[in-house]
There are 2 protein chains.
Amino acid sequence: MRKQWGGRRNHIMGFSSRQTVIVGLGLMGGSLALALRPYVEVLVAVDPDPVSREAALARRMVDEATDDLRAAVQAADTVILCAPVRVILSLVRDKIGSWMRSNTLLIDIGSTKQDICEAMGKLPIGIQAVGGHPMTGKEVSGLDAADPFLYANRPWVLCPTRRTTPAARGRALALLESVGALPVEMEAVRHDKVVAAISHLPYLLSASLVATVRRFSENDPGVWDLAAGGFRDTSRLAGQDIKMMSDILSTNTQAVATLLAMFRVQLALLETMLISHDETQLVDALTPIRQARTDWFTHYERRTNSNGKH
Amino acid sequence: MRKQWGGRRNHIMGFSSRQTVIVGLGLMGGSLALALRPYVEVLVAVDPDPVSREAALARRMVDEATDDLRAAVQAADTVILCAPVRVILSLVRDKIGSWMRSNTLLIDIGSTKQDICEAMGKLPIGIQAVGGHPMTGKEVSGLDAADPFLYANRPWVLCPTRRTTPAARGRALALLESVGALPVEMEAVRHDKVVAAISHLPYLLSASLVATVRRFSENDPGVWDLAAGGFRDTSRLAGQDIKMMSDILSTNTQAVATLLAMFRVQLALLETMLISHDETQLVDALTPIRQARTDWFTHYERRTNSNGKH
């Protein structure tokens with residue numbers, strides 16, 4: 001699945017842009033501005049919040065900052081949408097297509113891809129639209145946390161749309177290479193299932209666990225005092241930003257519901273063995289699970305520690 | 001619930017022992033040996049494994065190491081059972097009671113307490129038996145990882161048994177104080193429910209999550225390549241030692257089944273809101289969950305960083 005372009009890097013035309021517009025000055029947009037700076041003649045940020053705009057200008061992250069989306073994208077050859085999924089969706093559906101020039105590259109960083117890629121497919125012919133999802137982030141959000149290496153050596157999923165020409169794909173790959181990301185190309189439907197499994201399901205489990213302990217604590221508040229490292233890790237995702245998560249979950253309902261159904265089966269299997277005191281079966285069931293986790297973790301550590309090797 | 005004895009420490013008679021026997025030379029027993037060394041005239045380890053015994057002697061962790069449980073406990077005034085739950089159970093049920101002298105303190109470190117405390121309650125009158133569960137550990141196990149500060153500033157649950165006289169309780173508290181642990185006293189039934197909520201339920205969720213992704217990967221092996229930090233934390237417990245976990249789960253079936261039922265309700269509530277696209281309700285439900293996690297984490301960080309303040 002992974003296509004790492006290191007070996008072929010000479011065959012990708014380097015990314016360059018006369019005017020790149022980044023829509024949304026949060027952690028992701030700000031980090032992209034810092035990372036893309038060397039490759040772009042004029043870097044323009046669009047954000048409705050004057051405080052963010054002023055901060056980006058004061059830190060010289062961008063050349064211009066405006067709330068006039070139309071004027072900005074009219075002059076752009078590259079537009080990157082760095083906003084929550086449904087903001088991206090409304091931008092793609094309602095406005096941007098008619099304002100952009102032909103041959104402009106449009107890419108986004110939304111966490112779910114099916115709706116966005118479908119909307120991109122309906123843009124005017126000539127717009128070079130590619131769906132994107134960089135698999136990176138930080139515990140903290142906002143422009144202040146922006147980091148030029150946020151994307152380095154992290155997977156960045158690219159999903160084709162009906163407006164993804166070979167040229168569009170090439171420019172998107174070049175953009176990813178310029179920020180050090182590892183391109184992973186897959187269909188939007190498949191992407192949404194994968195992230196439901198590794199990200200949205202874990203979030204719902206984490207939140208439901210905290211909800212359970214919270215309910216338990218109504219009878220025994222002392223439970224919080226004994227919770228330690230195991231609970232800390234399993235519950236961490238429940239602390240994620242709720243607006244962001246509800247935005248993501250609501251645009252991936254079907255895949256999430258499917259994964260929840262699969263999860264219930266697995267949990268019920270373990271529970272059955274436990275309740276029936278069938279311990280041999282329980283150990284037999286847990287053994288490949290533990291092995292899968294250990295194998296993945298070894299692979300993950302190797303992957304995340306292999307800086308500069310993409 | 002927490003009784004921290006710092007303020008009253010002068011009222012606890014300091015721990016001292018002529019002969020302390022530690023049964024089981026793993027991480028927990030080895031660490032206890034290192035921590036108790038200054039308080040004990042003769043420290044004896046009992047372990048069936050000659051390699052562990054020789055290692056403990058070579059490192060001067062104990063004065064004697066033997067596989068003769070009977071001879072060791074006959075001469076002891078303090079016996080600490082540092083073994084898996086069901087090994088502890090069989091020791092308490094089958095043998096140790098008739099061998100120990102009257103007034104010997106018997107304490108254990110088993111992860112579930114109801115069965116053990118019940119068995120301790122049937123020991124001959126005169127045995128001073130107290131159930132124990134230190135809430136500490138390491139990623140690695142075994143004698144090589146032994147650490148004299150493993151118990152310092154970590155909660156150590158004490159559960160009364162029918163053989164817990166006021167003197168037994170006082171000696172157990174003194175023992176805990178000598179290794180720097182924070183005593184938390186509660187009934188065994190309550191303990192087992194609490195650990196089902198904060199430890200056994202999270203383990204089963206973690207294992208079921210990995211089982212789900214494993215099943216998913218049969219159709220799409222690429223899922224492993226995109227799993228990152230969120231999956232890493234939520235799945236960590238699935239990597240725990242299976243023998244240990246099946247031992248723990250099998251001696252806490254009822255509490256675990258209750259918590260699983262509570263969990264299913266909470267998960268179903270979130271799923272209903274998600275599938276019905278009732279986003280206001282979803283956000284309203286997730287808000288106090290996130291708050292509970294944030295509040296707990298602040299409290300937890302303060303607690304675990306307050307070294308030397310117990």
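**Note on a predicted model with chains A and B**

1. In chain B, residue B:I80 has B:I107 of β5(B) as its bridge partner.

2. Strand β4 (residues 78–81) and strand β5 (residues 105–108) of chain B run parallel and are joined by four bridges. Both strands belong to an open sheet of eight strands in chain B, with the order β3-β2-β1-β4-β5-β6-β7-β8 and mixed pairing. At its edges stand β3 (64–66) and β8 (182–185) of chain B, each of which pairs on one side only. On average, neighbouring strands of this sheet are turned by 25° against each other, direction ignored.

3. Between the chains, 75 residues of chain B are in contact with 75 residues of chain A. On the side of chain B that touches chain A, two or more residues come from each of α8 (188–219), α9 (223–226), α10 (229–235), α11 (242–250), α12 (253–275) and α13 (279–305) of chain B. The largest share, 20 residues, is that of α8(B). By class, this side of chain B has 45 nonpolar, 17 polar and 13 charged residues.

4. Chain A is assigned domain 1 (6–186) and domain 2 (191–276). Taken over C-alpha atoms, the centres of these domains of chain A are separated by 31 Å. Their contact takes 13 residues from domain 1 and nine residues from domain 2 of chain A. On the side of domain 1 that touches domain 2, the elements giving two or more residues are α4 (85–94), α6 (114–120) and β7 (155–159) of chain A. The residues of that side of domain 1 of chain A comprise five nonpolar, five polar and three charged.

Note on methods. Residues are numbered from 1 along each chain as its sequence is written. Chains are lettered from A and ligands numbered from 1 in the order in which they are written. This is a predicted model: local features need pLDDT of at least 70, side-chain atom pairs count only at pLDDT 80 or more; totals for chains, interfaces and linings use all residues. Two residues are in contact if their C-beta atoms, placed from the backbone, lie within 7 Å. Ala, Val, Leu, Ile, Met, Phe, Trp, Tyr, Cys and Pro count as nonpolar, Asp, Glu, Lys and Arg as charged, and the others, Gly among them, as polar. Two strands pair if DSSP finds at least two bridges between them. Axes are lines fitted to C-alpha atoms, for helices over the stretch in contact, and angles run from 0 to 180 degrees between N-to-C directions. Domain bounds come from an automatic or database domain assignment.
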